[in-house]
Amino acid sequence: MTNERNIRRFGLGVAAFAALAELLIVLCYARGVLVVEHYLSPMVFAFAGMTMLSGAYQKKPALWLGAAFCLWYVLSRMLMGELYLKYSYPYLCNLCAAYLLALPMAHCTKDEKQSGMKLFSWIYFAGFGAVAWLSLLPAVQGEVMRLPWFDVDIGLQAVDRRLTIGLHPNGSGVMLLISLMMGVWLLCKYQKRWLLLPALVLMAGMYAAIGFTVSRTVMIQTGCFLGALAALALFRLLPWKQLWKKLLVAAPVAMVIVIVVFLSFGWITTGAEKLNDSMNASAEEAFPGVTGLDYSDYYLYPEYPDLSSLYAQDGLVADRDLIEDLTTLTGRTAIWHGIGQLVKDQPRVLLTGMLNSNIISVLDRYTAHTHAHNAILHTLCNMGLPAMLIAVYFTLRAAWCALRLIFGRNAKFSDQILAVMLLVWLLGSLTESSLFVESFTPCNIPFFLTFGYALEAERSLKA
């Protein structure tokens, strides 16, 4: 018992440190990577050793497959001649944090109170919620600002006028959505009145910031998450026992919410444009002759003496139709076809994948993009068929676990929220390379932490 308690305490500390490292990676990438490589990784390896020696991995195929995934990453690099991992070592540390810390956390620490999930969620929710609100001021003004004390720019990026918070707009949107979902889970878990108002304020900032990213994938995921929550609430409130009757009511309500949420992001950006026009009009009255925003000193692009040509389009955000080119998933089908051609030309990819130092240039040559826009396909390109099969297993296992919790009669509502979070993540993985991969994303570690706690909730449901 004492040994389990010590493992739990150590694991909670490492999980909290991992969450802070994730936050630091977004705010200051270089320092965050160094923290993961030199400080977090020894803690993760120590936690993995403690839990394996304690026998906690016994009869848990998901945990062993997670360890095998990390091991195959090392072996695949060695087979390609990268004997000392070189460029890949920081990413190995990131993988280990997901598969050897986050995934086994709930089971190996016997964390029935879900303390690890709570601690990680609090750091994500509060940290990224504050950053979301900080990003809204420059976004509404159509500008970009350097965050004090950190080496990160937040605001509307120059090229396509989409919100970025240290990451690509799509990555920024995913980060905000994850934080929002964790905030909802915390509200349900604690059910404290004093928590409601500050949590709603943080969520409002995240919600508005998602609109400014103009990431259609994240917008759809947000709508699906909120629609699924409404459907779950109706499932619990409706008095009928027949599943089909509940679905008959809940499904249309969820669909309406998905559509309204998706459209609401357009309303947010339109309102911001009108506010920006009003601010410019007020500035013109106070300072005649000064109209619009001046981007001539935009420090992110000093090589351009005059950036006016970059802003020829009207509007505050990118001129991006939310339903444009949906038949090709905004060009993703062509990317996937290019990956098929890549595998045909270089069949060795099926065994080992490609080196991190080469994968961006190779994918750019075949797809005109730097990643596969699909988690399973990107895992294939990065680590070969063995890793891809493990990723497929995790996808199917997470989906099955989530459905078991959603339709389990004795499942807690907070555990059902975890299930919905998993399904939303998996939905996003169809069009973005945000899961299973070695690169630093805000998605991998929180996904596997949530997955681990969902597996334990499913196990309790069976018992």
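Colleague: Why is Glu458 called buried?

Modeller: In this predicted model, Glu458 has a relative accessible area of 2%. Buried means under 20%, so Glu458 counts as buried.

Colleague: What makes Glu458 and Arg397 a salt bridge?

Modeller: Their closest N and O atoms are 2.7 Å apart. The cut-off is within 4 Å, so the pair is a salt bridge. Glu458 sits in helix 16 and Arg397 in helix 14 (residues 375-406), so the contact ties together parts 61 residues apart in sequence.

Colleague: How do you know that Glu458 and Arg404 form one too?

Modeller: The N to O distance there is 3.8 Å, and the rule asks for within 4 Å. Glu458 is in helix 16 and Arg404 in helix 14, so this pair joins parts 54 residues apart in sequence. Arg404 itself counts as partly exposed, at 30% relative accessibility.

Colleague: Which side chain does Glu456 meet in a salt bridge?

Modeller: That of Lys60, at 3.8 Å from N to O. Glu456 lies in helix 16 (residues 444-462) and Lys60 in the loop between helix 2 (29-53) and helix 3 (61-79), so they tie together parts 396 residues apart in sequence. Lys60, Glu456 and Arg459 are linked in a network of salt bridges. A search of the whole structure turns up 5 salt bridges.

Colleague: Why is Lys60 called partly exposed, and Glu456 buried?

Modeller: Lys60 has 22% relative accessibility, while Glu456 has a relative accessible area of 12%. Under 20% means buried and over 50% means exposed, with partly exposed in between. So Glu456 is buried, and Lys60 is partly exposed.

Colleague: Why does His107 count as buried?

Modeller: Its relative accessibility is 18%, and the limit for buried is under 20%. His107 lies in helix 5 (residues 105-108).

Colleague: How many charged residues line the largest cavity?

Modeller: No charged ones: the lining divides into 7 nonpolar and 4 polar residues. The lining includes Val174, Gln221 and Trp425, and the volume is about 60 Å³.

Terms used. Residues are numbered from 1 along each chain as its sequence is written. This is a predicted model: local features need pLDDT of at least 70, side-chain atom pairs count only at pLDDT 80 or more; totals for chains, interfaces and linings use all residues. Side-chain values use heavy atoms; hydrogens and water are left out. On a 1 Å grid over the protein atoms alone, a cavity is a set of points where a 1.4 Å probe fits but cannot get out, and a pocket is an open set with protein on both sides within 12 Å along at least five of seven lines; lining residues have an atom within 4 Å of a point. Grid points are joined across faces, edges and corners, and a volume is the space filled by probe spheres set on the points. Ala, Val, Leu, Ile, Met, Phe, Trp, Tyr, Cys and Pro count as nonpolar, Asp, Glu, Lys and Arg as charged, and the others, Gly among them, as polar. Helices (H or I, at least four residues) and strands (E, at least two) are DSSP runs, numbered from the N terminus. Buried means under 20% relative accessible area, exposed over 50%, partly exposed in between (1.4 Å probe, protein chains only).
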